[in-house]
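Please look through the structure below with this guide at hand.

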Amino acid sequence: MTFKRIISAILVVACAMMASASNDAKMDKFIDNLMSRMTLQEKIGQLNLPVTGDIITGSSVSGDVVGRIEKGQVGGLFNMKGVANIRALQEVAVKKSRLGIPLIFGMDVIHGYETVFPIPFALSMSWDMDAIRNSARIASIEATADGICWTFSPMVDVCREPRWGRMSEGNGEDPYLGSEICRAMIEGYQGQNLADPTTMMSCVKHFALYGAPEAGRDYNTVDMSRLRMFNEYFPPYKAGVEAGAGSYMTSFNTIDYIPATGNRWLLTEVLRDKWGFDGFVVTDYTAISEMINHGMGDLQTVSALALNAGTDMDMVADGFLGTLEQSLNEGKVNMEAIDQACRRILEAKYKLGLFDDPYRYLDAKRAKKEIYTDANRAEARRIATETFVLLKNDDHVLPLKREGKIALVGPLANTRANMPGTWSVAAASDRYSTLLEAMQRATAGKAEVMYAKGCNVCYDEELEKNSTMFGREMRDPRDATAMRDEAVRLAQQCDVIVAAMGEPSEMSGESSSRSSLTILDAQKDLLEALKKTGKPIVLLNFSGRTTVMDWEVENLSTILNVWFGGSEAADAICDVVFGDVAPSGKLSATMPRNEGQIPLYYNHLNTGRPNPKWFTKFTTNYLDVPNDPLFPFGFGLSYTTFSYGPLTLSSNSMTQAGSITASVTVTNTGDYAGDEVVQLYIRDMVGSIARPVQELKDFARIHLQPGESRTVTFSITPDKLKFYNSDYDFVLEPGDFEVMVGTDSHHVQRLPFTVN
Ligand code: BGC
């Protein structure tokens, strides 16, 4: 860089800092003035977030919302869809409440709006940050066109617990990948400027550790060491602060025996003091009143606990609204805490531009033009193809040729409502295609697609009912044997069987934990019967978590995990099944052989008696199952093959402030163009605390034509080698390290290096 360039760069940064300081000063002045006119009740009103609208995401509802808005008792609302509905309530706030403070309108825009992208767990399988950022950007454009300015996303709970249904909403088991995704999503939602009417405020959730509930049961106790929190579970939340997230949501679980919503260490000492978060904290749905069940006291006590811990906004519990005034009078909370929470919420509204124009996000013309557009749908379809993970493809059954007769069977083959996946509350499912429709379109005039459902989700009607809520029912009243026989007869006439099976979309998501993760009984029986026909079977496994597939891997030649691919899933599946696009997804979570191995994750510590194989007496192992997974973290096949040249390092040593590079040349050695995700892992060989056997520290997704080679170079910087030590300091301890580069966490080349 020349001297002139350095000076001009410094000037640009200085100008930006001055502009932001003057914006802050303007905002402070505005809010000081507003707050000087607010009564105590109006300040407490800003801390209140009732629920209203047709979308159901919890069991409690809020009463007399309009009356409360008029009285200045509401800071924001969520779960309402549509510009006209939202405008009507914003008008009440602006025109009828004493100070006319606008409301903030939130929604769970988790993986798209009406254009629905794959569920977050699936998106994480793409390892494609540009795609993920763009999915959030498109979600933001559509949601803001429909009146929403605040999304309860990204969900960044690290999860090693596939029994937990909300694995579907997160980014898998890895803190590094999860952090990258968190950043990309916030950039996508918030853009450069929150006041831009096409951007919305993000809300990082669920703070914290919600992804580690005991026994995988939703809402259950979490208990872990603080070192594990800092090194393995906190990084994605911290990345959210670094990316400028506007808000955080507390989790339902306890942390160190104190519910997150009332946990001052978590919400103030870690989030604000250590990490520097300066936005606002909202609770999860009724999390304040749930602290009564946690045994923390009555509503007044738990509300005071929440405020004093650092919670700013109360979602649905009515704890702040109903008790804070009394707590203030009794000295259980102070005015400073109420003022501070109120200020944080007003600041968010200011940054969103709501004080300039409360109707900024309520332009009915935009809603007509910008939602579920052809361009958005095309991008959702393209991205979905990147999320499918090819687990097995013996005899190259996939891709299918567009010829002959194809038997499409299974309970997920002809359902529309299940395609977008869980947590797609704004979905317009009747506009989406079923797999059957898409397959018929994709093969029109070339092949015949014949369909039979073959079985219900499972034999147990009650289980199916509980797993197909919110208009996603699919139970077929016919006799199970008759359904199965019909499918077998159909399969016998066909050249290949495509089985669309797995979980319906509400079998994962909130309050959808499972104790058994195998394919459900009726579907398994159907697969066994189909296998007897001797026809090749392609299993398309729909799921919102990693499932147990030992039988399928043993018995079927071809398995493509398609998760839930969003509104365009059906077409995207066809793009991959018929070979227009080669699959490229890589697992962001380890697939266990059985439920007893859980939690099973790649970045574990070593034991004193390690055993990479199966049984050896007096080593760490099971009698009845190997230690290793069915498929490791990072795994995923393509239609093409990639070969890796030798791994090289720019030097085998670096200083504590220096860096070295690791390079490898990857060649597409097959017949299809395809994408490969090259992964870099590090092991710190000796530390002051035990260190994981490997940790993902970088990755690159590259596209290669057949025969094409590319050299991928990763920079190994001090940050990639640091960890939290016993004093919770983030340190680099000099010594021996190992770098691993490869196609997944198990298939790597290793080289040693030292830090001096
Ligand atoms: C969920 C949150 C969600 C909230 C609002 C809760 O039940 O845990 O993830 O954002 O509802 O819908």
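Pro599 is placed in the loop between helix 22 (569-577) and strand 17 (642-644). Helices (H or I, at least four residues) and strands (E, at least two) are DSSP runs, numbered from the N terminus. The peptide bond that joins Ile598 and Pro599 is cis, with omega about 0 degrees.

This is a predicted model, in which local features need pLDDT of at least 70 and side-chain atom pairs count only at pLDDT 80 or more, while totals for chains, interfaces and linings use all residues. Residues are numbered from 1 along each chain as its sequence is written, and side-chain values use heavy atoms, with hydrogens and water left out.

A cis peptide bond also joins Ser153 and Pro154, where omega is about 10 degrees. Pro154 is found in the loop between strand 4 (150-151) and helix 7 (175-190). Tyr219 is not a glycine, yet its phi is positive, about 75 degrees. Most residues other than glycine have a negative phi, and most peptide bonds are trans.

Next come the helices. Two packed helices are described by the angle between their axes and the distance between the axes. Axes are lines fitted to C-alpha atoms, for helices over the stretch in contact, and angles run from 0 to 180 degrees between N-to-C directions. Helix 6 (residues 129-145) packs with helix 16 (residues 374-385) at an angle of about 150 degrees, and their axes are 11 Å apart. Helix 6 is therefore roughly antiparallel to helix 16; angles under 35 degrees count as roughly parallel, over 145 as roughly antiparallel, 65 to 115 as roughly perpendicular and the rest as oblique. For helix 19 (residues 480-492) and helix 20 (residues 521-531), the angle is about 30 degrees, with the axes 10 Å apart. That makes helix 19 roughly parallel to helix 20.

Which residues come nearest to the ligand? Of the 14 residues around it, they are Thr57, Asp108, Arg166, His206 and Asp284; a residue is near a molecule if one of its heavy atoms lies within 4 Å of it. Thr57 has a polar side-chain atom 2.6 Å from an oxygen atom of the ligand. A polar side-chain atom of His206 lies 2.6 Å from a ligand oxygen atom.

Key
A polar contact is a pair of N or O atoms within 3.5 Å; within protein, one must be able to donate a hydrogen and the other to accept it, and residues adjacent in sequence count only if both atoms are side-chain atoms.
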